[in-house]
Amino acid sequence: MTDQMYRVALASRPEGAPGPDNFSYESAPIPTPGEGEVLVRSHYMSLDPYMRGRMDDAKSYAAPVPIGGTMEAGAVGEVIASNSPHFKPGDFAFGMFGWATHGCLPGNQLRKLDPAQAPITTALGVLGMPGFTGWHGLTEYGKPKAGETLVVAAATGPVGSMVGQVARLAGLRTVGIAGGADKCKLATEKFGFDACLDHRAHDSARDLRAALKGECPDGVDIYFENVGGKVLEAVMPLMNNHGRIPICGMIAWYNAGGLGAGARDEGLTAPGLWRNILVKFLSVNGFIISNHFDRYPQFLQEIAPKVLGGEIAYLEDIAEGLENAPATFMALLKGGNVGKQIVKLI
């Protein structure tokens with residue numbers, strides 16, 4: 001076995017959308033695990049929109065990736081050496097190993113996986129952070145009630161599809177928004193949404209709002225916010241009194257830089273947004289899922305049987321090769337993925 005690993009590092013900070021020059025593909029010696037540490041050969045790694053924020057040197061809930069540092073990511077793989085009593089070679093584990101073929105972390109920072117229970121890739125998507133984000137945001141802040149109407153964008157992604165399916169099982173009308181007719185078809189046929197609108201077919205928020213109003217004749221009770229931009233502007237005037245808006249992301253603005261601080265939306269001004277919140281008594285809750293992993297066992301207990309039993313569907317978009325991770329990530333930020341974006345490393 002070679003003593004070299006490979007990684008993708010942050011070569012420079014992007015201005016706007018990331019480009020190939022912002023990444024570097026490098027080799028390095030495979031680390032040797034110290035006391036209590038575990039060495040893992042990653043089989044699959046996750047690509048997620050939040051990684052764009054880590055590329056900016058902006059104050060946030062987590063430190064940015066330093067120039068020359070390995071890009072951050074969760075990954076799953078096989079234990080090849082262990083100094084932890086909780087792991088042995090041949091076990092499978094999830095950890096924040098980054099954009100790399102190998103990772104070495106303390107055993108108490110890893111989660112053991114059982115490939116006989118579910119494919120290990122599910123720990124990156126439907127049964128991992130994205131699925132948990134959708135479930136937690138909807139159940140904790142959306143507070144769904146049968147007969148209500150829910151709207152969620154990126155409806156075929158791992159967060160949006162979880163939100164829609166959990167809401168549907170709770171008896172809500174579910175309306176998705178996605179980019180392209182094919183994704184809209186997936187939303188209704190695979191994930192069971194009652195309707196799905198193609199935001200690319202509408203040039204303005206006003207046009208999208210008119211189409212959305214037709215699918216939400218009783219207004220919108222829950223808007224699960226993971227996109228921002230035109231979709232937010234379209235939905236806000238349709239919110240019902242006492243509506244709820246869980247906020248977990250704003251991918252439409254990430255490439256503006258500074259975690260979206262450079263974005264400008266000429267239609268939905270701050271006074272207009274604030275007035276909607278005030279006069280409709282809306283509950284708006286931002287959350288970062290890493291603060292809520294105390295609920296993760298409850299999520300697995302409730303959702304894992306539904307996934308394994310087919311009540312909750314999932315879709316994975318698997319790219320090949322670590323060297324292709326930057327291009328795949330750049331496409332992800334523009335909606336180029338179909339389902340949970342994963343990179344296969346071996």
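How far apart are the end C-alpha atoms of helix α3 (residues 158–169), and what span should its 12 residues have? The legends below start with that helix. The model shown is predicted.

**View 1. Helix α3 from end to end.** Helix α3 runs over residues 158–169. At 1.5 Å a residue, its 12 residues should span 16 Å. The end C-alpha atoms are 17 Å apart, which agrees. After the helix comes glycine 171. The phi of glycine 171 is positive, near 90 degrees.

**View 2. Helix α3 and its surroundings.** Of the 12 residues of α3, 10 are buried, so the helix is largely enclosed by the rest of the structure. The buried residues are Pro158, Val159, Gly160, Ser161, Met162, Val163, Gly164, Gln165, Val166 and Ala167. They pack against two other helices, α2 (129–142) and α9 (296–308). They also pack against the strands β8 (149–153), β9 (173–178), β11 (220–224) and β15 (340–344).

**View 3. The largest nonpolar core.** In soluble globular proteins, nonpolar side chains tend to be buried together. Here the largest nonpolar core has 33 residues. Leu150, Met162 and Ile303 have the most contacts inside it. The elements α2, β8, α3, α4 (181–189), β11 and α9 each give two or more residues to this core. Look at leucine 150 and its contacts beyond four places in sequence. Among them are Leu138, Val163, Ala167 and Ile222. Leucine 150 also touches Leu172, Arg173, Thr174 and Val175. Another core, of 29 residues, lies apart from the largest one. Ala73, Val79, Leu110 and Leu332 are among its residues.

**View 4. A salt bridge between aspartate 48 and lysine 340.** The side chains of these two residues meet at 2.7 Å, N to O. Aspartate 48 sits in the loop between β3 (37–46) and α1, while lysine 340 belongs to strand β15. The pair therefore ties together parts that are 292 residues apart in sequence. Aspartate 48 and lysine 340 are both buried.

**View 5. Further salt bridges.** The count for the model is nine salt bridges. In one of them, glutamate 148 pairs with arginine 244, with the closest N and O atoms 2.7 Å apart. This pair links distant parts of the chain, 96 residues apart. Glutamate 148 is in the loop between α2 and β8, and arginine 244 is in strand β12 (residues 239–247). Both glutamate 148 and arginine 244 are buried. Aspartate 56 and arginine 52 also form a salt bridge, at 2.9 Å, N to O. Aspartate 56 and arginine 52 are buried too. Lys88, Asp91 and Lys112 are linked in a salt-bridge network.

**View 6. Arginine 54 in helix α1.** Helix α1 covers residues 50–54, and arginine 54 is found in it. Is arginine 54 buried or exposed? Its relative accessible area is 9%, so arginine 54 is buried. Beyond four places in sequence, arginine 54 touches Arg13, Tyr61, Ala62, Ala63, Pro64, Val65 and Glu72.

View 7. A disulfide is a covalent bond between the sulfur atoms of two cysteines. The cut-off is 2.5 Å. For the model, the count is zero disulfides. Cysteine 196 counts as buried, at 15% relative accessibility.

Conventions:
Residues numbered from 1 in each chain as written. Predicted model: local features only at pLDDT ≥ 70, side-chain atom pairs only at ≥ 80, totals over all residues. Heavy atoms only, no water. Buried < 20%, exposed > 50% of the residue type's maximum accessible area, 1.4 Å probe, protein only. Helix = DSSP H or I, 4+ residues; strand = E, 2+ residues; numbered from the N terminus. Contact = heavy atoms within 4.5 Å. Expected span 1.5 Å × (residues − 1). Salt bridge = Lys/Arg side-chain N within 4 Å of Asp/Glu carboxyl O. Core = buried A, V, L, I, M, F, W, Y, C linked by side-chain atoms within 4.5 Å.
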